[in-house]
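Let's walk through this one together, a question at a time. Have a look at the sequence and the fold first.

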Amino acid sequence: MPDDSAIAVRGLDVAYGAIRAVQGVDIDAPRGQITALIGSNGAGKSSTLNAIAGLVPIARGSVEIGGVDATRLPAHVRVVERGVVLIPEARAVFLTMTVRENLGLGIRVGREREARGHKSAFTLEDAFRLFPVLEERTDKRAQYLSGGELKMLAIARSLLMHPRVLLIDEPSMGLAPLLVRQIFAVLRGILREHDVSVLLVEQDTAVALELASSAYVIEQGRITMHAPASKLRGDARLKAAYLGADAAAGRPAPEDAKEPCP
Amino acid sequence: MSLTEFLQYVIDGLGSGTLYVLVAIGFTLVFGVMGLMNVAHADFYMLAAFGLFFLGGVEGLGWGVLAATISVLIGSLIIGFAMFHLILKRLDKEIMIAFFVATLGVSFFLENLVAKLADFRVRSVPALFTTHTYVIEGLYITNSVAVSLAAALIITFGLLAFLNYTEHGQLLRAVAENAMLAKGVGIDTGRMTLLAVLIGSFIAVIGGLLYANTTSTADPFVANTVSLKMFAVAIVAGIGSVGGALVVGLFLGIAESLSLWVGVRGGFDGSQWQNVIGLVLMVVVLMTRPNGLFGKFERIG
């Protein structure tokens, strides 16, 4: 059903030298929904996201965006032509630039996408209405913003890019849980209004299952579970894996190898 | 000893300082954007001088100085373009040593090719303009020093304005700060790197033309000395710092010139110390401020 699928990943392998970070991953992120990819540190979540964005090379497999193959497209082409926009976990804004300059980079992509016929009504005014603090800080260098403000700036810039598909890496990292909920409450409305689909990566299983409608669980580079979020919320196996019950059960904990952070 | 004598050395130093500035700003710009150093950058000085010799001079094609100058300026863009597409973009950026060795190879190749064409001799080049010396308050100021200084100031501030106030300048700064994120916000980083290489090449041959004009010579191996100053200025200023390269380049030129003056006053040959100054400066700054005086790594402008 290519029409209903925003992102379709098939048999994805990502390797860094001899290290195989992602192996044979299949993901279908339905259009108009929030899909979560959960897993522990080093499980291959970020590598999967970066491969979809075109920021790390795909060793094997394919990535379709909106039903059209994008496996070989360079990252900037995926952004401008396909509307694939990644919000990285760290270093998600240009720290030496002002808030205005950072937002300007988003507007620039939005303009280019509009010229290609991708309409979206999300404007700078909308961004400032969503995050009033950014308007107060327009001429401040981003390096002087707080962690929460940086996150808001990255989200605002990404929405200005008129995305079809938003890839969000660890939205809860470094943010107060209340703020995460507030941001997503607003974000949901925007996503629906502008027909944006989301694939988010989360280490915090509770947060991820609260935000998403369905979730994939990735362990050591492989997908081990896929179910609606409502079903996963009560899943004993998931609780065991992510609430530290592993050791008690005598099972080896998921490998904690650090993912190369590109 | 007089103030006039001291100032004369300062003015002479400004003359050579401007030439260090013009080679260093392109180098530091490309270094900032790519995160890698193009060791062959200083060879644009040699290429500019021999462009004048082979195209403009009576021993060459005899096109005249103006046609040769224009050809050199256009040629720098062609060579920069070729260097980017044939070598720079093909190398794995993760392997720094590969980049270093490859550009060093380009440098050796170009130098020896030109040396062969020039029969391994230092040649004299036609002057860009007739040199006049003005005497102001007892100071001798040549128009070539004035032109070099004006060129360095205009180019440095022009480049800073470009980087800070134009869209392409902002995109270059974005790539320099965080290339991965730059790709993520739809910037074609390859195209931006090419732009940086073209700007750097163009500025470098302007420096090369003025250098050839000042010395009246074309030396196939001039890059040996020029690249030393280029590294020193770019590193002391801080990689990516264009404004810093202006300040440090002029300072180095003046410091070198004053070493001659100290030699004259102290009764020793100061010229033997000239080349040491840049290196000492580099070591001291690297020990105390590893990111350079104006540097912040990951930042250009």
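Q: Which element of chain A has the lowest mean pLDDT, and which the highest?
A: This is a predicted model, in which local features need pLDDT of at least 70 and side-chain atom pairs count only at pLDDT 80 or more, while totals for chains, interfaces and linings use all residues. Residues are numbered from 1 along each chain as its sequence is written, with chains lettered from A and ligands numbered from 1 in the order in which they are written. pLDDT is the predictor's confidence in each residue, from 0 to 100, and helices (H or I, at least four residues) and strands (E, at least two) are DSSP runs numbered from the N terminus. Among the elements of chain A, the lowest mean, 40, belongs to helix α11 (residues 246-249), and the highest, 96, to strand β6 (residues 84-87).

Q: In β7(A), which residue is the bridge partner of I87(A)?
A: Strands pair if DSSP finds at least two bridges between them, and β6(A) pairs with strand β7 (residues 165-169) of chain A in the parallel sense over four bridges. V84(A) and L86(A) point one way from β6(A), V85(A) and I87(A) the other way, and all are buried (20 or more other C-beta atoms within 10 Å of their own; 12 or fewer is exposed, in between is partly exposed, with C-beta atoms placed from the backbone). The partner of I87(A) in β7(A) is I168(A).

Q: Which residues does L167(A) touch, not counting residues up to four places away in sequence?
A: A nonpolar core is a set of buried Ala, Val, Leu, Ile, Met, Phe, Trp, Tyr and Cys residues joined through C-beta atoms within 7 Å. In the largest one, of 169 residues, L167(A) is among those that touch the most other members, as are V23(B) and Y45(B). The residues that L167(A) touches are L49(A), I52(A), A53(A), V84(A), V85(A), L86(A), I87(A) and L199(A).

Q: Is F120(B) buried or exposed?
A: F120(B) lies in the loop between α4 (96-117) and β1 (123-124) of chain B. Its phi is near 55°, a positive value in a residue other than glycine. F120(B) has 11 C-beta neighbours inside 10 Å, so it counts as exposed.

Q: How many other C-beta atoms lie within 10 Å of S216(B)?
A: S216(B) sits in the loop between α8 (189-215) and β4 (217-218) of chain B. Although S216(B) is not a glycine, its phi is positive, about 60°. S216(B) is partly exposed, and the count of other C-beta atoms within 10 Å is 13.

Notes:
Contact = placed C-beta atoms within 7 Å.
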